[in-house]
Amino acid sequence: MTPVYGLAESSVGLAFPPLNRGPIIDRIRRDAFVRSGQAEPAKPGERDLRFVASGRPLPGHEIRIVDAAGNELGDRREGRVEFRGPSATAGYFNNPAATRALFHDAWLDTGDLGYTVEADLYVTGRIKDMIIRAGRNLHPAELEEAVGKIQGVRTGCVAVFASPDPSGGPERLVVMAETRAIRDDARAALRSEIAATTVDLLGVAPDDVVLAPPRTVLKTSSGKIRRAASRTLYQSGKIGARPRAVWWELARLRLRGAMPSLRRVGRAAGDVAFAGYAWAVYTILGLAVAALLLLLPRVDWRWRVARAAVRLLARLTGTVIAVDGLDRFPPGASIAVANHPSWIDPLALASEMPQRFHFVAAEVLEHQGINGFVLRRLGHQFVERHEREHGVADTDRLADLVRAGQSLVIFPEGRLARAPGLRPFHMGAFVVAARTGVPVTPVGIRGTRTILRPEHHFPRRGAIDIAVGEPIVPSGDSWTAAVELQHAVRSAVLVLSGESDVE
């Protein structure tokens with residue numbers, strides 16, 4: 001068991017004990033603590049309070065305990081817990097006033113109370129939940145737990161809070177406890193036992209003991225007692241009021257959320273209808289193209305058919321493909337290198353790039369039924385990305401094609417990835433360029449991941465932007481020249497594609 005301390009404002013983690021130490025529980029003198037905030041160790045037999053050590057600040061973080069004036073306190077003095085560190089939030093979204101209240105200089109106020117002992121933090125409660133009564137600082141959690149153990153009280157359904165006195169006197173101490181008891185004598189006995197428990201623990205009697213029906217004490221979704229909300233309920237005088245029927249509450253909530261729900265359902269139905277339509281159009285055009293590719297004898301005729309089909313697919317699905325810098329592709333043999341956010345990238349490029357370019361695809365695609373057939377008939381090249389010997393042979397083969405005047409389109413990231421970001425580039429394209437001396441043109445693709453994310457089969461509406469950069473000529477034919485070329489091209493693709501760098 002490892003007790004720790006964290007809060008959302010510090011990315012959940014802030015203090016952690018040494019591994020394998022186990023829990024440390026501090027016994028302190030109750031009377032001294034509630035009167036002065038001094039956490040003095042209790043002697044055997046003394047009335048005590050017990051708090052658990054939550055560990056020490058994580059590396060790079062600092063915790064301090066301050067009084068109401070912001071002065072730092074020493075060990076075993078209760079005060080506000082503040083911290084600073086690299087995981088601290090920058091503040092509240094669009095709420096500068098709340099952000100200013102959150103920070104004291106560079107320190108962030110956690111809203112918790114606690115003390116330290118030899119760098120270990122002991123959290124004692126929430127500032128907003130503390131009750132000040134007759135000069136004593138009372139924490140409700142211990143009393144709530146004790147009252148919850150009384151026979152007849154529902155465990156975990158007790159709220160202790162302070163409520164303003166309507167006559168203008170000091171705050172009143174209120175104990176609200178859920179019970180199923182109905183008889184007057186049973187309820188009177190419960191009130192007496194709760195009052196006695198309060199005096200025994202806190203040294204003061206409660207001003208009001210409220211016996212509430214089940215499901216009255218309000219809680220958060222994680223089961224924590226909502227003391228402030230329970231106080232508001234108490235002050236409204238609605239405790240014990242007969243609740244509306246569950247069916248009525250559900251109907252009211254359904255009616256209130258009907259329009260947003262209908263809009264969401266409409267959008268979802270529209271998305272499903274579009275996806276089905278897009279796949280139907282793709283399938284029909286794909287089968288038609290496959291049939292024509294089988295019949296047409298010349299590669300350039302097949303390319304024209306394929307390009308026309310892709311453009312028709314884009315038009316029928318409302319997909320706008322915008323290209324910038326198409327004139328930057330150099331004449332003659334060259335290599336184009338692009339990022340690869342979706343499997344529809346080759347379709348988008350094929351609809352706009354010069355016909356002399358042929359794609360280089362993974363060898364596994366060559367044997368994928370109709371897709372492999374289409375790629376083969378269009379003259380695309382296949383390479384092995386995993387076996388070194390095959391990879392070397394494929395590099396030699398691609399270099400021979402480039403020397404013969406063939407232009408290639410290569411996706412050097414290799415496999416698709418669902419998460420955004422530009423991944424490391426394989427070296428094959430750049431080794432071929434260095435050996436043959438041809439320029440490499442960087443290409444950035446945006447929008448295809450939105451239309452069809454890898455590992456998904458649900459196309460969505462969207463637009464595609466293709467940006468072509470300036471060609472980059474290798475500085476030589478060595479491995480070092482290939483590495484330099486790879487770095488330069490990858491940097492250009494990063495800018496053109498707008499992807500983050502995950503390397």
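Reply: Two strands count as paired if DSSP finds at least two bridges between them. Helices (H or I, at least four residues) and strands (E, at least two) are DSSP runs, numbered from the N terminus. This is a predicted model, in which local features need pLDDT of at least 70 and side-chain atom pairs count only at pLDDT 80 or more, while totals for chains, interfaces and linings use all residues. Residues are numbered from 1 along each chain as its sequence is written, and side-chain values use heavy atoms, with hydrogens and water left out.

The bridge partner of Glu178 is Ala212 in β14. Strand β13 (residues 172-179) pairs with β14 in the parallel sense, over 5 bridges. Both belong to an open sheet of 3 strands, ordered β12-β13-β14, with mixed pairing. At its edges are β12 (153-163) and β14 (208-212), each pairing on one side only. On average, neighbouring strands of this sheet are turned by 20° against each other, direction ignored; axes are lines fitted to C-alpha atoms, for helices over the stretch in contact, and angles run from 0 to 180 degrees between N-to-C directions.

Helix α4 (residues 184-202) packs on the sheet and touches β12, β13 and β14, contact meaning heavy atoms within 4.5 Å. The direction of α4 makes about 130° with that of β13. Helix α5 (residues 227-236) also lies across β12, β13 and β14, and runs at about 75° to β12.

As for confidence, the protein has a mean pLDDT of 88, with 92% of its residues at 70 or more; pLDDT is the predictor's confidence in each residue, from 0 to 100.
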